[in-house]
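Hi there,

Here is the structure I promised to pass on. Have a look at it first, and my notes on its pockets and helix contacts follow below.

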Amino acid sequence: MAGVPRRVSGRRFRRRDGTRWVRRQIELDNPVAAELAGSTDAVLRALEGHLDCDVFLRGNVLTLDGEPAAVDAAAAVVHELSGLIAQGHEIAPGTIEAVKRALDEHESPGQILEDVVWRHRATKVSPKTVNQKRYVDSIRRNTITFGIGPAGTGKTFLAVALAAAALSRREVNRIILTRPAVEAGERLGFLPGDLMAKVDPYLRPLFDALHDMLEPERVSSHLERGVIEVAPLAFMRGRSLNDSFIILDEAQNTSAEQMKMFLTR
């Protein structure tokens with residue numbers, strides 16, 4: 001089968017310190033070998049950095065040197081990467097970590113990385129980790145989903161991508177993006193301009209995510225027609241939000257009363 005690696009040989013021996021050592025050689029299809037080599041061997045170095053064994057590529061033969069368990073784990077990662085490449089998936093250094101984490105948690109890397117949430121131009125948005133996949137699946141299945149995690153883990157980005165996908169499929173009539181107007185450490189004081197100009201600094205992260213998903217002209221059109229609404233949480237009181245995909249960003253900054261008000265909209 002194209003893209004599936006074939007083991008050429010495997011040797012077992014003991015080092016001078018008595019530890020068992022294994023050398024396994026895996027024959028790869030030429031396109032797979034070229035993709036794994038990457039630019040300046042970046043993918044190979046990432047592969048070696050995330051695995052507890054030495055990795056060498058000569059021609060289309062990949063050699064793994066290390067302890068038996070480490071070599072077995074590395075061979076499983078290489079097998080999954082080969083399958084992804086055969087299906088047209090581009091391999092980057094970050095893909096190595098995603099595949100290894102998925103295998104460590106007994107999940108299928110292919111099911112995670114091939115779940116395309118949203119496509120925009122040549123860019124496709126998909127989960128990169130097991131937890132991101134669970135987060136996406138939870139949003140699809142449930143009416144309310146709470147996403148908890150450190151900054152930079154894709155909580156807002158994936159939620160906005162799912163909202164754009166739901167709007168394009170006409171599953172919802174509008175997207176509501178909101179967050180509490182809280183400064184990050186320093187107070188900005190009174191800001192000039194109309195309402196949108198005053199709240200724009202607080203809502204800029206949501207606008208950034210929107211512009212990553214849609215053309216600027218389409219974003220402006222949706223904002224003018226009310227299909228997409230970006231507003232501070234304080235303006236949600238008294239609203240009736242039917243057939244909407246609603247994202248509350250930075251929810252940890254809300255009070256109990258604000259959260260109760262938001263959940264009853």
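A pocket here is an open set of points, on a 1 Å grid over the protein atoms alone, where a 1.4 Å probe fits and protein lies on both sides within 12 Å along at least five of seven lines; its lining residues have an atom within 4 Å of a point. Volumes are the space filled by probe spheres set on the points, with points joined across faces, edges and corners.

Helices (H or I, at least four residues) and strands (E, at least two) are DSSP runs numbered from the N terminus.

A word on the source: this is a predicted model, in which local features need pLDDT of at least 70 and side-chain atom pairs count only at pLDDT 80 or more, while totals for chains, interfaces and linings use all residues. Residues are numbered from 1 along each chain as its sequence is written, and side-chain values use heavy atoms, leaving out hydrogens and water.

The largest pocket contains about 1,300 Å³. Of its 42 lining residues, Tyr135, Thr145, Ile246, Ile247 and Leu248 lie nearest the centre. Two or more residues each come from α6 (130-141), α7 (155-168), β9 (244-248) and α10 (256-263), and α7 gives the most, with six.

Two of those elements also pack together: α6 and α7 meet at about 40°, with their axes 11 Å apart (axes are lines fitted to C-alpha atoms, for helices over the stretch in contact, and angles run from 0 to 180 degrees between N-to-C directions). That makes α6 oblique to α7, the label for angles that are not under 35 degrees (roughly parallel), over 145 (roughly antiparallel) or 65 to 115 (roughly perpendicular). In contact (heavy atoms within 4.5 Å) are Gln132, Tyr135, Val136, Ile139 and Arg140 of α6 with Lys155, Leu158, Ala159 and Leu162 of α7.

Then there is α4 again, whose axis (residues 93-104) comes within 10 Å of that of α3 (residues 68-86), crossing at roughly 120°. α3 and α4 are therefore oblique to each other. Their contact involves Ala76, Val77, Glu80, Leu81 and Leu84 of α3 and Thr95, Ile96, Val99, Lys100 and Leu103 of α4.

Best wishes
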